[in-house]
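Please look over the sequence and the 3D structure below before reading the briefing.

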Amino acid sequence: MTDHSHAVVLAEPGVPAEQVHAVAGIIAKATGMIAFDARAMVQRARHGVLIGSCEPGTAWEVAERVRALGIRAGVAPILAAEAHGRRWPVLRGGCAKSGLHADPGHQGMRRYDWSSLRAVSVARFRLPVEQKLSAGGRQFESMGKFLAGSGLFAGGLVGMGRLLPMARDLMRARATMAKGDATLESTDTFLLDLFLVDPAVTLRIDARRFSYAYLKDRMQERCELNFHILIAQIAAGAHQARFSPTAARFLSGDLLAGAVVADAKEIDLFNRWFLQAGAADWADSA
């Protein structure tokens, strides 16, 4: 049986236009793929994954040859993006010293140890109704394209926790959000994806639908402020979890206005890159 258990991922999304032909040639030679399909694969790499599934030897060959072109590439197990089970919506829950409390899919409240939380991702999502109303109007960029060149991709793949703001900075960021003119538009929401193991599950929290009653007297009038408190508490509890570049930006006070996503598939593609990039072996490409 053929082992297609690995992926080739990029430290930053996309391949420079002047190198598309060369990278496509590398893929075609390593996989036996025709040139047209190899070029299409390179063009899809704007989401950060160059090859989604191939044999380990092929993955390493491609990664090494791509690195020789000056493009940072690594090899990751596909399982890194598939080991977190089914995604469940969470409408109520909270944070405690012992862990995260959540009711996934109306199954009843349960506790998830902080040590089981491996990754945290945040996206600003334009609600479908607005998407229909603005058809033919504003163009939305993929999360990967927005973050390209930000420095968070290459610098934040390992030890993202070190980039998270300290408690004092979190309070300052929240105060800035409260005073600023920029607020979360009624057409938008934030989506928080929590990737856990033991049990293997992915929890999704919609900032507008989630109940912040657990905050009690700390609850704020604005959705984005309560959401910021929630993620700050998660960051304080889950010390080993990796935070996506967008999650780190939000915690620093950035409402991600320039990274609005109108297609939920973009979020799934981004998270696939994020999980695999965090587990990738970058060899000598640092």
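This is a predicted model: local features need pLDDT of at least 70, side-chain atom pairs count only at pLDDT 80 or more; totals for chains, interfaces and linings use all residues.

Residues are numbered from 1 along each chain as its sequence is written, and side-chain values use heavy atoms, with hydrogens and water left out.

**Overall make-up**
- The chain has 10 helices and 11 strands; these are DSSP runs numbered from the N terminus, with helices (H or I) of at least four residues and strands (E) of at least two.
- Of its 286 residues, 50% are buried, where buried means under 20% relative accessible area, exposed over 50% and partly exposed in between (1.4 Å probe, protein chains only).
- Counting contacts (heavy atoms within 4.5 Å) between residues at least 6 apart in sequence, 73% join residues at least 24 apart.

**Nonpolar cores**
- A nonpolar core is a set of buried Ala, Val, Leu, Ile, Met, Phe, Trp, Tyr and Cys residues joined through side-chain atoms within 4.5 Å.
- The largest one has 43 residues, and Leu192, Leu194, Phe227, Ile234 and Phe243 touch the most other members.
- Elements giving two or more residues to this core include strand E4 (87-96), strand E8 (188-196) and helix H8 (223-237).
- H8 provides the largest share of this core, nine residues.
- Leaving aside residues up to four places away in sequence, Leu194 touches several residues, among them Leu100, Val201 and Ile234.
- A second, separate core has 24 residues, including Val8, Ala38, Val42 and Ala73.

**Helices H7 and H8**
- The axes of H7 and H8 are 10 Å apart, and the helices pack at an angle of about 170°.
- H7 is therefore roughly antiparallel to H8, a label for angles over 145 degrees.
- Axes here are lines fitted to C-alpha atoms over the stretch in contact, and angles run from 0 to 180 degrees between N-to-C directions.
- Leu170, Ala173, Arg174, Met177 and Ala178 of H7 meet Glu224, Leu225, His228, Ile229 and Ala232 of H8.

**Pro16**
- Pro16 lies in the loop between strand E1 (6-10) and helix H1 (20-31).
- Its relative accessibility is 32%, so Pro16 counts as partly exposed.
- Pro16 and Gln43 are 27 residues apart along the chain, and their C-alpha atoms are separated by 9.8 Å.

**Cysteines**
- The whole structure has zero disulfides, a disulfide being a pair of cysteine sulfur atoms within 2.5 Å.
- Cys54 is buried because its relative accessible area is 5%.
- Cys223 is also buried, at 17% relative accessibility.

Note on methods. Angles under 35 degrees count as roughly parallel, over 145 as roughly antiparallel, 65 to 115 as roughly perpendicular and the rest as oblique.
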